[in-house]
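Here is a short briefing for a first look. Start with the sequence and the structure, then read the points by topic.

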Amino acid sequence: MTAPNHKANDGVPVPVTPAGATSGAPAEHPPASPAGRGMFGNQGSGDVSGFGGLVRQRRTIEDAPRPYGSYFDEVRDALEEAYPAFGDAIEKVVVDRGELTLHVRPERIAEVCQVMRDDLALRFELCSSVSGVDYLGADSRRLHVVYQLTSMTYRRRVRLEAAVSAEDPHLPSVTSVYPTADWQERETYDMFGVVFDGHPSLTRILMPDDWEGFPQRKDYPLGGVPVEYKGAEIPPPDQRRSYQ
């Protein structure tokens, strides 16, 4: 990025590199450290946005000790009793901020959903959301798919989470168990590139059919915005000037 900081003898501005243009770390490669600093890979900036000094701590997600509290113990016990493969299918149980999350092996997610829906002690009849998360630099299986289940019978909620790698982003579709997951899985495929095997029509839903890449992955280029004024273009955030 350049700026007309000096003028030639005839008074015409001459583009030069502005002072303080020190940001160079690409946004798609955040630091693989316990704490991330700044925004868009920016370091050492005194910009007025306040994001330059932002420190984001990365937490380690660990198996929660029992008792969990609330109805969480009952849900775990009911699933363990109804599902013989519980020990193999459930990687860990996390209780955080008053919410229960069951981390499920990818190949078992449809089976677990079936039991969660049909067992009389569970009765999670509704899948209200299927969404994606990209933990680039923090998890070797960086693409996580999150399922929000609701039991209208018992007025309970639980979250299922399954993780896959970007090199093999395949999960069984749960549309045969929860038809509401149809468009939700399409959106997760469209934005994150997770392939739901067995989906009846896994096509893009937000982006054009011929779009390349998956916009909500963290290694997706942020891009600039061309404007109709003398060929000007707003640069991507990771290439903008750092004000000092």
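**Aromatic rings**

Tyr-71 and Phe-72 are both buried (under 20% relative accessible area; exposed is over 50%, partly exposed in between, with a 1.4 Å probe and protein chains only). This is a predicted model: local features need pLDDT of at least 70, side-chain atom pairs count only at pLDDT 80 or more, and totals for chains, interfaces and linings use all residues. Residues are numbered from 1 along each chain as its sequence is written, and side-chain values use heavy atoms, with hydrogens and water left out.

- The structure holds 2 aromatic pairs (rings of Phe, Tyr and Trp, the last by its six-membered ring, with centres within 6.5 Å; planes under 30 degrees apart are stacked, over 60 edge-to-face, the rest tilted).
- The ring centres of Tyr-71 and Phe-72 are 4.9 Å apart and the planes stand at 80°, so this pair is edge-to-face.

**Nonpolar core**

- The largest nonpolar core has 44 residues (buried Ala, Val, Leu, Ile, Met, Phe, Trp, Tyr and Cys joined through side-chain atoms within 4.5 Å).
- Helix 3 (residues 109-118) gives the most to this core, with 6 residues.
- Helices (H or I, at least four residues) and strands (E, at least two) are DSSP runs, numbered from the N terminus.
- Among the residues with the most contacts inside the core are Tyr-147, Leu-160 and Leu-171.
- Beyond its neighbours within four places in sequence, Leu-171 is in contact with residues including Pro-106, Tyr-147, Ala-162 and Phe-196 (contact means heavy atoms within 4.5 Å).

**Around strand 9**

- Arg-159 lies in strand 9 (residues 156-164).
- Arg-159 is buried, because its relative accessible area is 17%.

**Salt bridges**

- The count comes to 15 salt bridges (a side-chain nitrogen of Lys or Arg within 4 Å of a carboxyl oxygen of Asp or Glu).
- Glu-74 pairs with Arg-156, with the closest N and O atoms 2.7 Å apart.
- This pair links distant parts of the chain: Glu-74 is in helix 1, Arg-156 in strand 9, 82 residues apart.
- Glu-74 is partly exposed at 47%, whereas Arg-156 is buried at 14% relative accessibility.
- Glu-111 and Arg-108 meet in a salt bridge at 3.0 Å, N to O.
- Salt bridges that share partners join Asp-88, Glu-91, Arg-105, Arg-108, Glu-111 and Arg-141 into one network.

- Most residues other than glycine have a negative phi, and most peptide bonds are trans.
- The peptide bond from Arg-66 to Pro-67 is cis, with omega near 0°.
- Pro-67 sits in the loop between strand 4 (55-57) and helix 1 (72-82).
- Arg-97 has a positive phi, near 55°, and lies in the loop between strand 5 (90-96) and strand 6 (99-104).
- Arg-97 is exposed, with a relative accessible area of 68%, and its side chain forms a salt bridge with Asp-96 (2.7 Å, N to O).
- Arg-155 also has a positive phi, about 55°, and is found in the loop between strand 8 (143-151) and strand 9.
- Met-152 lies in the loop between strand 8 and strand 9, and its C-alpha atom is 6.7 Å from that of Glu-125, 27 residues apart along the chain.
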